[in-house]
Amino acid sequence: MILRRLLALPSWTEVRVAAGGSGLDRPLETVRATLDAGDSPGPGELLVLARELRGTDWQIDALLRRGADRGAAGLLLPEVEPLTATRLLADRLAMPLLVTAARPLDLLVEARLMLAAPELDRANLVLATHRALGERLRSPEEVVSALRGLLRSPVALLDDRGEPVAGELASAGRIRVGEPVPQRVDLDDRVLLAHPALLAGPVLWVAAELTGAEAARADVVPPALAVAAGAVQRWLLANRLELERDARSRTALLGDLLRLDAEPGADMRRRAADAGWRLGGWHVGLRIGVASSVDTVARTTEVVRALRAEQITAVVVEHGDGWTGWVTFDQEPTAERVRTLAARLRAAHKTLRRTLGSHLGVGRPHPRPDGLAATIAEATDAARLAATRPESGHFLHVDQLGMAQLLLEWTRTDTFEPAARALVAPLRNAPGDLVRTLAVYLDAESSIAETAAVLGVHRNTVAARIARIEQLLGVDLSRPDDRLALHLASRAITLGT
């Protein structure tokens, strides 16, 4: 063991190095007390002078010389202020000269215990960590604060990118966050220690940065970090259960709201009020879509943080593969306010995409609870389109598209085209180019004459083909719903071929 290691003991915090600091790595084999200033320290021995010396600095100089000649570990004196000449001598001999205001014999006992049982310090620190963290759940901030007090060193909880979640650490970037195992990084003037807090989600790290005398204690600290990591895991698990319970409640409430076909009843209004949701006013829906592998419950805080950074106060609900949300205005928002909101949402989405592959759609303003379902439906459609639009930053606002373009874009999605082909499949092998005839006929607003002119055929031919199309598909082209569905389907197929 070296003398520097002894100085890292918690009970030795009142010991200071007056001079000879370059010799703190001298081997330490024993600690002995003496009342005799004429005593001679032995090899590897720290000599503790148990009485004050006044007006006898020459005796201190003599002790330093004898100790240096015999390979002693150092000299510990009661609180005095050595003369400049004595300090210079200790520095020249590289002989540690320690002074303290504490009772020297108490320090002697602690030092001998450590030398006799080196593991005792580690056990004491682990026990102190258990006591400090206690049985109750503690937040990451509380864990970091308690550990920082015990280690007398900077401590932080880091995320899976090495960024502080709680506390601060100068050398956090040196941790290999891709290797979830306990780590030690020896730097020039410090030792960096880290222990992973492993859960199903991203790995968090409890890390400490030991400098000065504390760095000599680096072999003692890792078990304490493991205890702290366990405390963080317990808090995260409990917090996750609460988040999931809240998420299920929010998702169920959102589903009930979206299925409403009348004004919400008293129970629904009370549930919305309990959740802090406003059903009145004007709502602008938003939909953030992500890959199915993303843990939406764990990442909700990140989404809310990105929105708040752009001064957006929104309801955000975990919903399917992503989040559904909305912003509520007291009065119908002006076009300028809607454009400002869309710009802020785009900025928030840009921030999110740095760490989360996502696409975002924004709906139009709609009033009341039934309008909430409408704007969310628009946002969902826009988000579906945004997923295929890298040129727009995977962000789309329904107002940017116009309804015709929105419908046209929808027909180009991967989910619509197979359905479109199945819808008009009976026409594919029939004579008379019925698919193109149908598309032109609907583009011409059901005008047989205009369709005949575009196709270059007789009007009777067009009439016969339309009758054949209705027979094969079992539809009535005088009905608006049938016309809209077939118009979109035929447009998707003709554009795709």
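In what order do the strands of the open sheet run? I read the order as S12-S13-S11-S14-S15, with mixed pairing. The model is predicted, so I note that local features need pLDDT of at least 70 and side-chain atom pairs pLDDT 80 or more, while totals for chains, interfaces and linings use all residues. Residues are numbered from 1 along each chain as its sequence is written, and side-chain values use heavy atoms, without hydrogens and water.

Sheet. Strands are DSSP E runs of at least two residues and helices are H or I runs of at least four, numbered from the N terminus; two strands pair if DSSP finds at least two bridges between them. S12 (315-318) and S15 (395-397) stand at the edges with a single partner strand each, so one side of each has no neighbour in the sheet. I found 4 bridges joining S12 to S13, which run antiparallel. Val 316 has Gly 325 in S13 as its bridge partner.

Ring pair. I found 1 aromatic pair in the structure (Phe, Tyr or six-membered Trp rings with centres within 6.5 Å; planes under 30 degrees apart are stacked, over 60 edge-to-face, the rest tilted). Trp 277 and Trp 326 are edge-to-face, 5.1 Å centre to centre with 85° between the planes. Trp 277 sits in the loop between H8 (266-275) and S11 (282-290), and Trp 326 in S13 (residues 322-329), 49 residues apart. I checked burial: Trp 277 and Trp 326 are buried (under 20% relative accessible area with a 1.4 Å probe, protein chains only; exposed is over 50%, partly exposed in between).

Residue. I found Ile 2 partly exposed, at 29% relative accessible area. Ile 2 lies in the segment before H1 (3-7).
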